[in-house]
Amino acid sequence: MILKKDDFTEERGRYKYIGNSGVTINEISSDIYELKGEMFFKNVSFDGEIIFSFKGGHILFFNCHFISLVIFEGNNNIISITNLNGYIKVNEPKTKLSISYGFQEKQNIAFRKDIVLDQDITVKDLTMIFSFVNSASIVNVKPKNLKIISFQKEKKYAIDLNIDLIELNSIKISHLEFSNIKFNQTKCYKYEIYDCKILSTKEFDNIYIPDTKKLKISEFRSSERLNIFFMCEDETYNFDSVELSNVQNKNIDFGFFGKKVEIKEFTLNTDSSVSFKFGTSVDDLFIEKFMIVGKRNLKNLFENIKLKDLIFENFECFDSFTFQNIDVDNNSSLYFNNSNLDFVTFKPSILHKFNNIYISRSDFVGMSLIDFKYIEEKRISSEIIDINKQIIKTNNINFFRFLKNHTQNQSNLHLYQKYKAFEFNEILRQNEDIDGGEKFILEFNKFTNNHTTDWFQAFKLILITFSFYLYLITSYLLYSQNDFQFMDVSKILPNLLSPVSFLVNNDEFCFPNLIYFIDVFYNIIIGLLLYQMIAAFRKFNR
């Protein structure tokens, strides 16, 4: 039978053709392409040389039988085939193709099938939808993006999934309960597993990841321990990104089969104990950007890793969270954003290695720094650029206070004094809620001896004040007394050098009341500066 446009019935812009067991379509009339709207084929048998050349259409096939090869050579279509039965060839690089298996009008779990899709398919997007399927093998297809979905969540059974000899842009597997997923010579740029579960009674489960650049596993469930193995033949694993989000396993082990690993961005947003199994050298794993997000209730130990940027985002933990034998790359940054670092340990401390440390609304009480090294103030940033390119002033008071207390507990008086000064200066910068008197004292101490840490600062101010006042006095005497000689300066030096000796007590020269008035303030200033210099000298005797 030749299928023509008159064989279709129209209903609300949708054109339907319902087949029957006594009729086989063996030719397609070109006039069906004149129909503008969704095309729906149900229970149709196709035999013979059938070629579909739809362009920009939406075509649905339900329970159709492709007895001999049916060719699709249009483009830019949306094609949906439910319960594919037979052989098809699709060469439509801009088309989205959906193939569903196991969907019957009266579903029964007894009719679960074993599916093999080994057909010549070249499309933009290929979506595989499973229901009542035992196992599925996908071989040799050529989509840019592959998505695998299950719609039978209320039925608890597992699918064995095999994906072979495919190279494509992305693979996404979602809403799938499976016992195993295997890859053979399969490559993709992005691989995502979403809302899936391994049905298993074992104490541990393994999942295998194809050769990919971007990996995302989210909303995943299996046994208590999950082993993640990567199928790559290169000498070095290179990832653009790896993300774990809400993976409901107590333990997650990454297995790299002894190879070196480079990850541009690793995001950990799951309450699991994560470890890397690859080697003992710190050069084996390099993470350019390591972001740790959310709350943690389980122990974690990260060791033998080289980092560039380390980010704590909305982070909080309630058991030990340890970084051990970690190295830091050049031009690195450390971010603490809305995080609580209690139970976090750096062994040894690496904070001093970061070029920039950015802090926002974070608490450091309870953080442990083993073998602490001095962190320069210039490395702790006073501002940060947010995602909207706006410059935001950071608040580093809690961090400086933590460092002050940490060094005090270590009896490191030298660093304690430094971090105490940093804390006071940060309080001034933040314009904290302090009264005018306290603010004046802090400003004065910062200006004169940087909170008892810099005696030379007070000494310089003494020299400047003394020189200015000496110039003022000698200038007056030169202009007011004709017989004043430069050597006569020695007659007033005792009054200038002592904060308790005033010019009014000098018998050699007479000065106007204004200079006597200035002299009182000069002596007060010199006395205060001398006290500040002595206080800075005595900082190690406190």
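**Figure 1. Parallel strand pairing around β18 in the predicted model.** Strand β16 (residues 142-150) pairs with strand β18 (residues 167-174) in the parallel sense, over five bridges. Within this pairing, isoleucine 148 stands opposite isoleucine 173 of β18. β18 also pairs with strand β20 (residues 187-194), again in the parallel sense, through seven bridges. Here lysine 172 has glutamate 192 of β20 as its bridge partner.

**Figure 2. The largest nonpolar core and the surroundings of phenylalanine 254.** This core comprises 119 residues, of which Phe41, Phe46, Phe61, Phe254 and Phe323 touch the most other members. The greatest contribution to the core comes from strand β31 (residues 300-317), with seven residues. When neighbours within four places in sequence are left aside, phenylalanine 254 is in contact with Ile228, Phe230, Val242, Leu244, Phe266, Val274, Ser275, Phe276 and Lys277. A second, separate core has 20 residues, including Phe466, Val489, Leu503 and Phe509. In soluble globular proteins, nonpolar side chains tend to be buried together.

**Figure 3. Helix α3 and its packing.** Helix α3 (residues 436-449) consists of 14 residues and reaches 20 Å from its first C-alpha to its last, close to the 20 Å expected at 1.5 Å a residue. Its buried residues are Leu442, Thr448 and Asn449. They cover an arc of only 145° around the axis, which places them on the same side of α3. These buried residues pack against α2 (413-430), α4 (455-480) and α6 (513-537). The face of α3 turned away from the buried side carries the exposed residues Gly436, Phe440 and Phe447.

**Figure 4. The two ends of helix α3.** At the start of α3, a side-chain oxygen of aspartate 435 reaches to within 3.2 Å of the backbone nitrogen of glycine 437. Just after the helix, asparagine 450 adopts a positive phi of about 50°.

**Figure 5. A cis peptide bond and two asparagines with positive phi.** Most residues other than glycine have a negative phi, and most peptide bonds are trans. Lysine 347 and proline 348 are joined by a cis peptide bond, with omega about -5°; proline 348 lies in the loop between β33 (344-347) and β34 (356-360). Asparagine 76, although not a glycine, has a positive phi of about 60° and is found in the loop between β10 (65-72) and β11 (78-82). Asparagine 331 likewise has a positive phi, of about 50°, but is found in strand β32 (residues 321-337). Asparagine 331 counts as exposed because its relative accessibility is 60%, the cut-off for exposure being over 50%.

Terms used: Residues are numbered from 1 along each chain as its sequence is written. This is a predicted model: local features need pLDDT of at least 70, side-chain atom pairs count only at pLDDT 80 or more; totals for chains, interfaces and linings use all residues. Side-chain values use heavy atoms; hydrogens and water are left out. Helices (H or I, at least four residues) and strands (E, at least two) are DSSP runs, numbered from the N terminus. The expected span of a helix is 1.5 Å times one less than its number of residues. Buried means under 20% relative accessible area, exposed over 50%, partly exposed in between (1.4 Å probe, protein chains only). The arc is that of the directions from the helix axis to the C-beta atoms. Contact means heavy atoms within 4.5 Å. A polar contact is a pair of N or O atoms within 3.5 Å; within protein, one must be able to donate a hydrogen and the other to accept it, and residues adjacent in sequence count only if both atoms are side-chain atoms. Two strands pair if DSSP finds at least two bridges between them. A nonpolar core is a set of buried Ala, Val, Leu, Ile, Met, Phe, Trp, Tyr and Cys residues joined through side-chain atoms within 4.5 Å.
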